[in-house]
Amino acid sequence: EDNKKESRGALIVLEGLDRSGKSSQCSRLVSYLEGHGISAELWRFPDRTTDVGKMISAYLTNASQLDDHTIHLLFSANRWEKRSLMETKLTSGTTLIVDRYSYSGVAFSAAKGLDIEWCKAPEIGLLAADLVAYLDISPEKASERGGYGGERYEKLDFQKKVAESFKDLHDTAWKVVDACQPIEDVEKQLQDIVLHCVTECQKGKPLSFLWS
Ligand code: NYM
Ligand code: MG
């Protein structure tokens with residue numbers, strides 16, 4: 001009928017320490033969903049292509065120095081500049097698989113010692129994830145995987161603090177996946193929880209907002 005509302009896409013976020021396997025699992029998930037006829041896009045934060053993203057990238061590669069609060073707000077601004085496009089995509093039926101989001105934003109800054117409530121404040125009003133899949137790996141195992149790219153934050157001692165602050169963020173939308181399993185097993189588990197989430201959103205689960 002003509003007033004039939006198109007079902008919405010799901011906002012699915014993969015989180016975890018550096019080298020937890022998020023990026024490769026994100027692309028695998030998008031292919032999987034597309035293979036099931038589900039419209040899906042891969043997004044990532046930071047989005048280094050925007051002007052704000054270029055400032056973030058310069059900071060991460062140590063080409064610039066910024067006060068901890070300043071870089072925190074830039075990461076948040078980088079999400080705000082994508083917020084309306086994000087909502088448009090979701091309401092028009094596209095599922096977004098997002099490689100890091102506000103949860104990384106809070107976890108990394110809180111790991112530096114910034115107050116967690118202060119860290120959360122600029123995220124208020126952004127869309128909340130329908131599902132946060134946390135790829136769980138110990139900081140030690142992640143560092144053994146090698147290929148820390150030499151960016152800021154990619155140090156074992158700091159990643160230990162990040163792991164601790166991620167623990168304070170777990171809520172009902174979180175599913176913890178053991179990232180030390182063989183890659184195909186991680187992939188299979190993610191497929192199941194993601195498909196379930198997409199179905200719930202198609203059935204009319206409303207969009208929600210941070211921090212809910
Ligand atoms: N990071 C990422 C933050 O510190 N705050 C944020 O809001 C986001 C989205 O940037 N070590 C950190 C986590 C990573 C680094 O991300 C770059 P990636 O996914 O390695 O490109
Ligand atoms: Mg990284």
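Trainee: Why is Gln 25 called buried?

Mentor: This is a predicted model, so every value is computed from its atoms. Gln 25 has 25 other C-beta atoms within 10 Å, and the cut-off for buried is 20 or more, so Gln 25 is buried.

Trainee: Where does Gln 25 sit, and which residues is it in contact with, leaving aside its neighbours within four places in sequence?

Mentor: Gln 25 belongs to helix H1, residues 22-35. Its contacts beyond those neighbours are Leu 14, Leu 135, Val 186, Glu 187 and Leu 190. Two of the buried residues of H9 are in that list, Val 186 and Leu 190.

Trainee: OK, on to H9. What makes the length of H9 agree with that of a helix?

Mentor: H9 covers residues 183-202, which is 20 residues. At 1.5 Å a residue they should span 28 Å, and the end C-alpha atoms are 28 Å apart, so the two agree.

Trainee: Which residues of H9 are buried, and how do you know that they lie on the same side?

Mentor: The buried ones are Val 186, Leu 190, Val 194, Cys 197, Val 198 and Cys 201. They cover an arc of only 100° around the axis, so they share one side of H9. An α-helix has 3.6 residues a turn, so residues three or four places apart point the same way.

Trainee: And what is on the other side of H9?

Mentor: Glu 184, Asp 185, Lys 188 and Asp 192, which are exposed. The buried residues, for their part, pack against H1 and strands E1 (11-16), E3 (95-99), E4 (131-136) and E5 (174-178).

Trainee: What comes after H9?

Mentor: Gly 204 follows H9, and its phi is positive, near 115°.

Trainee: Zooming out, how many helices and strands does the chain have, and what makes it as compact as a globular protein of that length?

Mentor: There are nine helices and five strands. The radius of gyration is 17 Å, close to the 17 Å that the globule rule gives for 212 residues, so the chain is as compact as a globular protein of that length. Buried residues make up 36% of the 212.

Trainee: Last one: how many residues of each class are in the shell around ligand 1?

Mentor: Six are nonpolar, two polar and three charged. Asp and Arg count as charged, so Asp 18, Asp 99 and Arg 100 are the charged ones. Helix H5 (residues 102-110) gives the largest share of the shell, three residues.

Definitions and conventions:
Residues are numbered from 1 along each chain as its sequence is written. Chains are lettered from A and ligands numbered from 1 in the order in which they are written. This is a predicted model: local features need pLDDT of at least 70, side-chain atom pairs count only at pLDDT 80 or more; totals for chains, interfaces and linings use all residues. A residue is buried if 20 or more other C-beta atoms lie within 10 Å of its own, exposed if 12 or fewer, and partly exposed in between; C-beta atoms are placed from the backbone. Two residues are in contact if their C-beta atoms, placed from the backbone, lie within 7 Å. The radius of gyration is taken over C-alpha atoms; the globule rule is 2.2 Å times the number of residues to the power 0.38. A residue is near a molecule or strand if its C-beta atom, placed from the backbone, lies within 6 Å of it. The expected span of a helix is 1.5 Å times one less than its number of residues. The arc is that of the directions from the helix axis to the C-beta atoms.
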